[in-house]
Each structure stands twice: as C-alpha cells, then as structure tokens.
Amino acid sequence: MRTAYSVETVRTAERSLMARLPEGALMQRAAAGLAAACADLLGRVYGSRVVLLVGSGDNGGDALYAGARLARRGAGVTAVLLSPERAHQGGLAALRRAGGSVTEPSQAAEELIRRADLVVDGIVGIGGKGGLRPDAAALATLAERSGATVVAVDLPSGVEADGGEVRGEAVRADLTVTFGTHKPALLIDPAREYAGSVRLVDIGLDLPQEAELEALQHADVAALLPLPQAESDKYRRGVVGIAAGSARYPGAAVLAVAGALRGGAGAVRYVGPAGSAVIARFPETLVSDRGPAKAGRVQAWVVGPGAGDDAATVAEVLEADVPVLVDADGLRLADRDAVRGRGAPTLMTPHAGEAAALLGVSREEVEGARLTAVRELAARYRATVLLKGSTTLVANPEGGPVRVNATGTPWLATAGSGDVLSGLSGSLLAAGLTARDAGSAAAYLHGLAGRYAADGAPAGAHDVANAIPEAWRDVRS
C-alpha cells in the first residue's frame, strides 16, 4: 500500500530526524537520491547540460546539492537563482566548488534552458501556496517547451501539497523525486497530472501509522476479495439487490446487474421496471416486481442507476437495515436526513457533477479540490463517499485515511460505466466488505477492467463488465 502524509506530519518527522543526525545530513540524503534519479534519466552524465531553477529555502538547497553531485560527474550545471539573496548558501558553495555556475533570470538564462538536457525544478517546496510568481512561471513555461526532461524536487512547484489543488501556473514535470513519503498532491488530480512519474527516496523518516491517504495495490485488494469456501452456498456468499432502471433507462439496470454478477456475491435480485431486459440478458438474475421490501432476502442494496424520478423506491431502499449503495438518480432523490439517520452503512458514488449539486457548489470547484469535496460530502451525509474521477477517492464520515485509486483509463468516461461500478461495489457489500473496502476494491477492479476492455481503443460499459473477471484474476494471481 502506498501512503501519503500531510505537510505538517512530514515536517514534524523531519525535525525529529534532524535532531538525531549531524547538521545537513538529511539534506544530503535527499540530494543524493535526487542526483541518482537525474543521472538515471540522463544516461550519460558527462557532458550533459543541466539547469537548476532555484528558489529560496531547503527545496532549492536540495537542487543545488544534487547539481553539485552531477557537476562532479562532468555535467555542465547552471543554477538560475530566483531569489539570490535567499538562496541556500551551503548548496551554492557546494555547486561552485564542483565547477557549476550561477546566474539570475535573464535572456542568457532562458537560452540555457532552451538548450538544456535536464531542468531541475527547485523553485518552491511543499509549503508553497498558490501558483508561481510571474518570473518563475515564465521559466517553468520555457522548461516545458524546451524539450528538456523536467524533474521536480519533492513536488512540482505551484501545486499545493496537502489537497492537490493547482491555483495558478505550475511546473509540469516528467518526473517528481519525492522524499520520505508521498505527499497527497502526488496522488490526487489535478496536481497529480503535473507530477509525471514519481520516484520515492527513503530518507529515514519515522511516520505515524495513520496516513492522510492510502492507495491500494494488487496485494491489498486481493486480501479484501471474497472467496467461496467448500460449505458456501449462494446465500452465504451474499445476495445483492438492484433497484435500478426505468422505462427510459432500462440499460442502467442491465449494466448494474452485469457488474453485480461479476462481483463475487452468490445471487442478484433485481427490482424495477426493466425486469424483461435484465432477464433476457442475465437469466440467472432473480427478478421481482413487488418492490424492494418484498423482493426477498438481500445482504445489500444498490439503488439509483437510471431510476429517473422514482423517489419512492429510493426512500424504501434507504429504510432497509442492510448496507445500501446510492448512485446516479438516487443521489438526487435521496433525502439527506434519511441517509444521515440510517443505522446500516451507506455508500454514495457521485461523479464530480453530482457531488457539486449535493454540495451546492460548481463542478469546477469540486474538480479543483477533490479531497476537500469528498471529505465534506462524507461528513454532511454521514456516509462513505466514493467520488468518481481520474483519481477516485473514498472517504469515511468519521474521518481517517482517504483511499485514492488511479487504476482507471480515460476510456472509462463512457455511458453506463458508473452503473457497472455500482453493481460491482454492491456485490462486494453483500459479500460482507465494509463500505470503505467495498468501494475501494471495486474502484480498483473497475479501473483495471477498463484498461483491459479498452486496450488502447474505445470500449463500452458492457465491455468493462465483461473484463472484470480478468481484472479479478490478475489481482489474485
């Protein structure tokens, strides 16, 4: 599992470690890791052209010490100082001793950037707020357009470490070399797309057990997935109820059932007006026209996909004393007090537009501050919230680490894909997973299935559903 920690936690851990180390040792560890990463990118260090964009403070110091190491190996290294009076003096001295040179923003510096093989972004550290100042932004734009490989020190300058917001101009890196732990911005969009690939350098930080963010990997998901035992029957494996679809949107019901059938539960019960379409596609489905309360035994419900304006069914499902997943139209129709008052777990799965409507803000505000939005929504509804998107986030109402998932592909932005995810998540709920684990594991499998279904070409939601078994086998292998 990958984890990310807040700026305050990282700085506390750094202070504790520095108190036990010789002065400057921690920065040297970071600089050594940064220089090694740069050398790997360059391939041949001797004779290469490296430009350091250096701001004030320790971030710039890391860049300067790393530049000194590259200069000793024969690279031509120039540091462009954006705040010469506040540049790290020890790093400057080391660079000069190694044969590097120093300049300030100018036409000559701009020409150096245009001709560089590698540009190192040491402008702003993890405490930066807001976008880059105009002089720094101009150099960052030059670096992006130069054709040079851009390496960010700890975090791309201009993005905000704790929330992943990008509130102005920022560096777009090909590689970010981060120290001690991932920072939330390296895992959450929109900042994540500025980071490029991420390389973590261990500098010996002693971090708390509870992180700010968690990103599951194959082994973590494999440990969550339900497996039938010799004595299992369909009821012991879990039965998921699907209350979805309408005369206008029968396909939503079919796709939600498709996801549920591949999610590990022993049986799927369908309730709604699309029974004929569901049974024609999936004859193993248990179809009822008597409403959720009389449909028969279930261990979890999925309600909302393609529901249109059927508020009565949504309200009836929310009264059930089993875990409930609310998606799509159900999010609009669900009474907030009814959700808040439930005794059993609730999992809500909005995309950014739906989350914006529930929070009373613009979609752009949600997309620009995804971590804030998912936490606020979970607290407001006292429910676990899965905020869909390029980086899907899962937050619990009582707080704790937010789960982040990035296994997907842009090809998943297709009609019905979310319905498949709802059915898959609901099936895992019925199998006994917590709302947080069910949402996290389902998002991970759904993202992998999207990759396999697309394989570099357009794919429909039914293709994604059909690829879930392949994703399951991959995770379990």
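Residues are numbered from 1 along each chain as its sequence is written, and side-chain values use heavy atoms, with hydrogens and water left out. As the model is predicted, local features need pLDDT of at least 70 and side-chain atom pairs count only at pLDDT 80 or more, whereas totals for chains, interfaces and linings use all residues.

Helices (H or I, at least four residues) and strands (E, at least two) are DSSP runs, numbered from the N terminus. Two strands are taken to pair if DSSP finds at least two bridges between them. An open sheet of seven strands shows parallel pairing in the order β4-β3-β2-β5-β6-β7-β8. Its edges are held by β4 (101-103) and β8 (197-201), each with a single partner strand, so one side of each is left without a neighbour in the sheet. From one strand to the next the twist averages 20 degrees. Five bridges pair β7 (residues 175-179) with β8 in the parallel sense, and Val177 stands opposite Arg199 in β8.

Axes are lines fitted to C-alpha atoms, for helices over the stretch in contact, and angles run from 0 to 180 degrees between N-to-C directions. Helix α4 (residues 89-97) lies across β2 (49-54), β3 (76-81) and β4, and runs at about 130 degrees to β4. Helix α5 (residues 107-114) touches β2, β3, β4 and β5 (118-122), its direction making about 125 degrees with that of β2.

A further open sheet has eleven strands and mixed pairing, in the order β1-β9-β18-β17-β16-β15-β14-β13-β10-β11-β12. Its edge strands, β1 (2-4) and β12 (286-288), each pair on one side only. Strands β17 (residues 392-395) and β18 (residues 402-405) run antiparallel and are joined by three bridges; the partner of Thr392 in β18 is Asn405. Helix α18 packs on this sheet, touching β9 (213-215), β15 (346-348), β16 (384-387), β17 and β18, and its direction makes about 10 degrees with that of β18.

The UniProt record, an unreviewed entry, lists residues 217-475 as "domain: YjeF C-terminal"; UniProt positions are given in the numbering used here, feature names are shortened, and annotations may be inferred rather than shown by experiment. Over residues 217-475 the chain is 46% helix and 14% strand, with the end C-alpha atoms 9 Å apart.

Helix α19 (residues 461-476) packs against helix α17 (residues 417-430) at an angle of about 40 degrees, the axes being 8 Å apart. The two are therefore oblique to each other, where angles under 35 degrees count as roughly parallel, over 145 as roughly antiparallel, 65 to 115 as roughly perpendicular and the rest as oblique. Ser417, Val420, Leu424 and Leu428 in α17 meet Ala461, Ala465, Ile468 and Trp472 in α19. The residues of this contact comprise seven nonpolar, one polar and no charged (Ala, Val, Leu, Ile, Met, Phe, Trp, Tyr, Cys and Pro count as nonpolar, Asp, Glu, Lys and Arg as charged, and the others, Gly among them, as polar).

The axes of α18 (residues 435-454) and α19 come within 7 Å and cross at roughly 110 degrees, which makes α18 roughly perpendicular to α19. Their contact involves residues including Tyr444 and Leu448 of α18 and Ile468 and Trp472 of α19. It divides into twelve nonpolar, two polar and three charged residues.

Note on methods
Contact means heavy atoms within 4.5 Å.
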